[in-house]
Amino acid sequence: MEEKHIKILKNLGFDISQKDLTNDYWKKRGADALALTTQDRDVYGCIDHTQGEGVNIFDVEGTEYLDVTGGVAVRAFGLRYKPYLDFEASINDVVKELPGADFDAIPQTLLAERVAGITPGNHKKRVVFTTSGGRAVEGCMKSAMDLSGNRRFVTFRPAFHGRTGYALALTSSNSKHKSGFPQGVDTVRVFYPYCYRCPYGTTEEDCSLECVEALRYALEVEGNDIAATVMEPLCGEGGLIVPPTKAVKGIYDLTKEIGAFFMSDEVQAGMGRTGKWTAIENHGVVPDYISMGKAMGGGYPMGASIGPAPMFTGGSRHSETFSAEPKMGLLSLWVFKHMEDGGYLKKNAEHGAYLLERLGELKDKHEVVGDVRGLGLMVGLEIVKDKKSKEKAPKLRDRIVKNAVQNQKLWVLGSGQNVIRLTPSYIITKENIDDVVDRLDKAISAEM
Ligand SMILES: Cc1ncc(COP(=O)(O)O)c(C=O)c1O
C-alpha cells in the first residue's frame with residue numbers, strides 16, 4: 001500500500017504502519033470488530049482497498065488475484081475503470097445529498113425512464129429506487145400486495161432474494177440465512193426447475209413439466225390467493241441453476257391463470273450479465289415486476305423496484321432515504337450508456353459462450369465436474385463425487401475453492417452446496433478466460 005494511503009488512515013486518527021499490513025493481522029482485527037463476513041476467513045485474505053485494476057485485485061500483503069467474482073456481480077466494468085472514474089470526477093461538484101425518494105430531481109427521473117425503457121414490455125411502468133437488492137425485492141413485494149390485495153407469494157427451493165424481512169421469507173438457499181428468524185410473509189414453496197437433479201426424477205427426454213404440475217397441485221391444496229410468483233430467471237446463490245425456458249413459461253402461464261403477478265428477481269442476473277438487459281428475456285416472458293441491483297450502480301449501492309403503473313399511488317406509501325441521490329443516479333445513467341456504446345450485451349453473450357465452452361473441457365477432463373451451465377457471464381460448475389452417482393461433493397468444492405484462491409490466486413466463490421460460481425466483470429477478455437480455466441483446472445487437479 002502506498003504511503004499516501006497509510007497517511008490518510010493516520011490523518012483519520014489511526015496509528016497504522018507498513019509493518020501492520022498482513023492478512024492475519026487484519027483478519028483477526030476484523031473478526032474482533034465485525035459481526036460477520038459471509039465468506040470464510042480461512043480462505044480469503046484482507047483486500048487492499050487502495051489497489052486493483054480491471055479484473056485484478058490485491059490483498060494487503062500485495063498478492064495479486066484474478067477476480068472472477070466481479071465483486072459478487074457488482075463491478076460491471078471491473079476495478080478502477082478509467083472511463084467510469086473520469087465520469088465520476090466530472091460530476092464531483094453535483095449536489096450529492098438530495099434524498100431521491102422525497103423530492104424531485106432530474107437524474108432520478110431520467111434513470112427511471114431509462115430503466116423502464118430497457119425492461120421487457122411496453123406497458124406503463126413505475127420505478128422506485130433503492131440502495132440494495134433485497135430492498136428492491138421488497139419494494140416489488142409490497143406493491144404486489146398493494147395492487148392485488150393478496151398477501152402470499154409463490155417462491156422456490158433453492159432461491160435467494162435477500163436476508164432482510166420480506167425478502168428473507170422468500171429465500172431458501174442455506175439454513176444459516178433463515179433458521180431462528182420468523183417468516184415475514186406466507187409462501188407457497190416449490191422446487192426450482194433443476195434439470196441436472198430433477199426433484200421429480202425425470203430426465204430431459206421424459207420431462208412432462210412435473211415442476212409446473214407440482215405448483216398447480218400446491219395452489220390447489222394450499223390456495224391460490226397469491227400476490228406474486230417471485231422467480232430468479234437464473235438461480236444464483238442457490239447453485240447457479242439455469243431453468244429450462246418451457247418450465248419458466250409454464251410457471252408464468254400458471255401465475256397468470258390464477259390472476260397473480262409474476263416477478264423476476266434480476267438483482268444478480270440482470271443488467272446485461274446474460275447478454276440481455278434482463279435475464280428473463282432469455283425465457284421470452286414479460287414480468288409484471290422486476291427487481292434490480294448489484295451492477296446497476298457500477299459499484300455504488302443502487303437498486304430498483306420496477307412495477308406496473310399505478311405503483312404506490314399516494315405519497316409516503318413506500319420510501320427509502322438514500323435512494324437515487326443525484327450522483328448515484330448520474331453514475332447509473334453512465335453505466336447504461338456505456339453498456340450500449342461498448343456493445344456489452346453482445347460481448348457478454350460471446351464471452352459467456354466462450355467461458356462455457358472452455359469450462360466444458362474441464363467437465364470432459366475431470367470426473368468430479370458433474371455439470372457446467374450458465375447464461376452469458378453467469379456460469380457454474382457443479383462438483384460431484386463422480387459423474388455417474390452425481391453425489392454432491394461440498395467438501396471437495398470447498399477445497400477446490402480454497403486451492404484456487406490460495407494457490408492459483410484466482411478470486412472465486414462457491415454457491416449452493418457444491419457449485420463454483422463465476423460472475424466476472426464485463427471487461428473480461430478471452431485471454432483472461434483462458435487464464436481462469438487454466439487456474440481452475442490446476443485447483444481441481446490438485447484436490448482430486
Ligand atoms: C437474486 C438476488 N436477489 C436479491 C439479492 C440481495 O441483494 P442485496 O445483498 O443487495 O440486498 C441478491 C444478492 O446476492 C441476489 O442474488
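## Strands 6 and 7

Strand 6 (residues 226-231) and strand 7 run parallel and are joined by four bridges. Strands here are DSSP runs of E with at least two residues, helices are runs of H or I with at least four residues, and both are numbered from the N terminus. Two strands count as paired if DSSP finds at least two bridges between them. A228 has F261 as its bridge partner in strand 7.

Strand 7 covers residues 261-265, and five of its five residues are buried. A residue is buried if 20 or more other C-beta atoms lie within 10 Å of its own, exposed if 12 or fewer do, and partly exposed in between, with C-beta atoms placed from the backbone. F261, M263 and D265 point one way from the strand, F262 and S264 point the other way, and all are buried.

## Basis of the model

The model is predicted; local features need pLDDT of at least 70, side-chain atom pairs count only at pLDDT 80 or more, and totals for chains, interfaces and linings use all residues. Residues are numbered from 1 along each chain as its sequence is written.

## Overall form

The protein chain has 14 helices and 14 strands. Its C-alpha atoms fill a box of roughly 65 × 60 × 45 Å along the principal axes. For 448 residues, a compact globule would have a radius of gyration near 22 Å, and the 22 Å of the protein chain agrees with this. That radius is taken over C-alpha atoms, and the globule rule is 2.2 Å times the number of residues to the power 0.38.

Of the 448 residues, 46% count as buried. Among contacts between residues at least 6 apart in sequence, 72% join residues at least 24 apart. Two residues are in contact if their C-beta atoms, placed from the backbone, lie within 7 Å.

## Two domains

The domain assignment gives domain 1 (3-81 + 344-447) and domain 2 (106-341). The bounds come from an automatic or database domain assignment. Taken over C-alpha atoms, the centres of domain 1 and domain 2 are 26 Å apart.

Between the domains, 26 residues of domain 1 are in contact with 28 residues of domain 2. On the side of domain 1 that touches domain 2, the elements that give two or more residues are helix 12 (344-365), strand 10 (369-375), strand 11 (378-383) and strand 14 (419-422). Helix 12 gives the largest share of that side, five residues. By class, the side has 12 nonpolar, eight polar and six charged residues. Ala, Val, Leu, Ile, Met, Phe, Trp, Tyr, Cys and Pro count as nonpolar, Asp, Glu, Lys and Arg as charged, and the others, Gly among them, as polar.

Strand 10 and strand 11 run antiparallel and are joined by six bridges. They form a hairpin with two residues between them, and G376 in the turn has a positive phi of about 55 degrees. V372 has L381 as its bridge partner in strand 11. Strand 11 also pairs with strand 14, in the antiparallel sense and over four bridges. There the bridge partner of G380 is R421 in strand 14.

Six of the six residues of strand 11 are buried. M378, G380 and E382 point one way from strand 11, while V379, L381 and I383 point the other way.

## Ligand shell

The shell around the ligand has 14 residues, of which S132, G133, G134, V267 and Q268 come nearest. A residue is near a molecule if its C-beta atom, placed from the backbone, lies within 6 Å of it. Helix 6 (residues 133-148) gives the largest share of the shell, three residues. By class, the shell has three nonpolar, eight polar and three charged residues.

## Backbone exceptions

A cis peptide bond joins R157 and P158, with omega about 0 degrees. P158 is in the loop between strand 4 (152-157) and helix 7 (165-170). The peptide bond from A309 to P310 is also cis, with omega near 0 degrees. P310 is in the loop between strand 9 (303-308) and helix 11 (326-341).

A73, a residue other than glycine, has a positive phi near 65 degrees. A73 lies in helix 3 (residues 70-73) and is buried, with 25 other C-beta atoms within 10 Å. K409, not a glycine, has a positive phi of about 55 degrees. K409 lies in the loop between helix 13 (394-406) and strand 12 (410-411), and K409 is partly exposed, with 16 other C-beta atoms within 10 Å.
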